[in-house]
Amino acid sequence: MLKVILDILSVPAILVGLVALVGLIAQKKSATDTIKGTIKTIMGFLVLSGGAGIVVGSLGHFGTMFQQGFGVQGIVPNNEAIVALALKTYGTQTALIMVFGMLANILIARFTKLKYIFLTGHHTLYMACMIAAILVAGGMKGTSLVIVGSILLGFVMAFFPAIAQPTMRKITGEDNVAFGHFGTVGYVLSAYVGKLVGKNSKSTEEMEFPQGLTFLRDTSVAIALVMAILYIIVALACGREFVESKLSDGQNFILFSLIQAITFAGGVYVILAGVRLILAEIVPAFTGIALKIVPDAKPALDCPVVYPYAPNAVLIGFLSSFLGGIVGMFILIALKAPVILPGVVPHFFCGATAGVYGNATGGRRGAFFGAFVHGLLITFLPVLLLPVLGNLGYANTTFSDADFGVVGIVLGNVLKLFIR
């Protein structure tokens with residue numbers, strides 16, 4: 001019986017499904033809703049794995065072409081891709097840290113001054129996964145790994161919304177909603193830069209932004225277009241003959257590049273769909289329980305919560321952050337360091353948010369320069385993060401948003417000091 005139980009708990013999809021089952025029962029859902037929610041959660045893990053295969057295949061071709069064309073290894077930061085890879089090895093540890101980390105967040109909010117309940121479920125999963133990978137790479141295992149990982153996760157889920165809240169009040173004009181997204185260090189930095197450079201600068205919302213660029217708000221389209229540009233550049237760099245003889249089985253190298261770019265975007269779409277399936281039943285269960293236990297807590301919500309307050313800053317932030325990523329990439333090439341290629345997902349979501357934060361403290365100049373500095377930050381942090389990720393450091397992708405870099409670098413180096 002014990003072996004059967006351990007076998008069940010060793011399968012991440014089943015483990016998270018059981019968590020959803022308990023949560024649904026706790027909410028007194030009907031038998032129909034409970035069965036449906038549990039199955040959808042398990043299905044989400046399987047969908048995520050399928051999306052991982054799509055993204056990994058596309059990134060593999062990109063890495064090969066980039067290395068052949070420029071003689072360097074290019075890494076595309078993408079949280080969904082790296083988590084999908086990591087869950088194959090660290091799935092059980094991730095699931096346990098995620099569950100107990102959410103409980104730790106509730107307890108920290110209940111008994112400390114950090115009155116924030118982090119409700120961005122997919123980022124909770126991503127941070128749990130990164131913490132699990134780094135703790136394993138640092139030599140921890142078993143119960144101690146889960147305890148340390150859960151406490152750390154619960155703390156960062158309360159800490160980062162707290163440091164974002166002063167600027168969040170400026171953006172929203174009120175204090176009843178918090179910000180929950182693990183790019184907070186970058187957003188706070190953007191707000192600081194905005195304060196430095198934005199004296200007397202008018203808000204981005206006092207200008208008219210070209211309507212022709214609004215298509216970039218569709219994330220899948222933006223990912224496909226920008227990745228298409230990157231794929232075509234590396235395809236031209238490594239040459240038609242190499243692509244058509246080694247990779248595309250004779251298919252035209254430009255057409256092959258376009259297909260791979262759209263395949264990458266499709267893979268990210270599938271992964272996101274899987275994550276939504278996983279979390280749709282778990283997060284509501286914790287939300288209802290948490291807000292009852294900590295009635296004076298503020299819900300910390302995902303980054304799109306700030307977009308309606310400054311739509312022009314969203315687009316300015318995205319483009320400026322991406323420009324910062326390109327500049328950072330050339331600096332890394334000059335330094336002969338691992339090359340971090342500008343990833344559309346982080347520069348869109350995080351760059352846009354950095355633009356809103358910079359605009360709140362420094363208007364147009366704050367939005368532009370704050371997001372630009374943010375773009376540099378999320379280009380250099382992943383380079384410093386790679387050495388502490390263990391085997392994941394050899395993948396063609398990595399964690400992208402600023403808080404993952406900060407938490408990972410600090411945690412990895414602390415482990416080196418005290419464990420090894």
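Helices here are DSSP runs of H or I with at least four residues, and strands are DSSP runs of E with at least two, both numbered from the N terminus. On that basis the protein chain has 13 helices and 6 strands. The model is predicted.

**Confidence and overall form**

The mean pLDDT of the protein chain is 85, and 91% of its residues reach 70 or more. Confidence is lowest in helix α1 (residues 2-9), with a mean of 63, and highest in helix α7 (residues 184-197), at 96.

The protein chain has a radius of gyration of 21 Å, which agrees with the value near 22 Å that a compact globule of 420 residues would have. Its C-alpha trace spans about 60 × 55 × 50 Å along the principal axes. Of the 420 residues, 54% count as buried. The accessible surface of the protein chain comes to about 17600 Å², and carbon and sulfur atoms account for 68% of that area. Among contacts between residues at least 6 apart in sequence, 82% join residues at least 24 apart.

**The sheet containing β1**

Strand β1 (residues 74-77) pairs with β5 in the parallel sense over 2 bridges, and Ile75 has Ile340 of β5 as its bridge partner. The pairing of β1 with β6 is also parallel and also runs over 2 bridges. There, Val76 stands opposite Thr397 in β6.

In a regular strand the side chains alternate between the two faces of the sheet. Both faces of β1 are covered: Gly74 and Val76 lie on one side, Ile75 and Pro77 on the other, and all are buried.

**The sheet containing β4**

Another open sheet is formed by 3 strands in the order β2-β4-β3, and the pairing is parallel. Its edges are β2 (116-118) and β3 (178-179), each with a single partner strand, so one side of each is left without a neighbour in the sheet. β3 and strand β4 (residues 298-301) pair in the parallel sense over 2 bridges. Within this pairing, Ala178 stands opposite Ala300 in β4.

| Residue | Opposite residue | Strand of the opposite residue |
|---|---|---|
| Val76 | Thr397 | β6 |
| Ala178 | Ala300 | β4 |

**Ser248 in the loop between α9 and α10**

Ser248 is placed in the loop between α9 (240-247) and α10 (253-293). A polar atom of the Ser248 side chain lies 2.7 Å from the backbone oxygen of Gln251. Leaving aside neighbours within four places in sequence, Ser248 is in contact with Val243 and Phe256.

How values were computed
Residues numbered from 1 in each chain as written. Predicted model: local features only at pLDDT ≥ 70, side-chain atom pairs only at ≥ 80, totals over all residues. Heavy atoms only, no water. Pairing = 2+ DSSP bridges. Polar contact = N/O pair within 3.5 Å; in protein donor to acceptor, adjacent residues only side chain to side chain. Contact = heavy atoms within 4.5 Å. pLDDT = per-residue confidence, 0-100. Rg over C-alpha atoms; globule rule 2.2 N^0.38 Å. Buried < 20%, exposed > 50% of the residue type's maximum accessible area, 1.4 Å probe, protein only. Areas by Shrake-Rupley, 256 points an atom, 1.4 Å probe, with all protein chains shown as cover.
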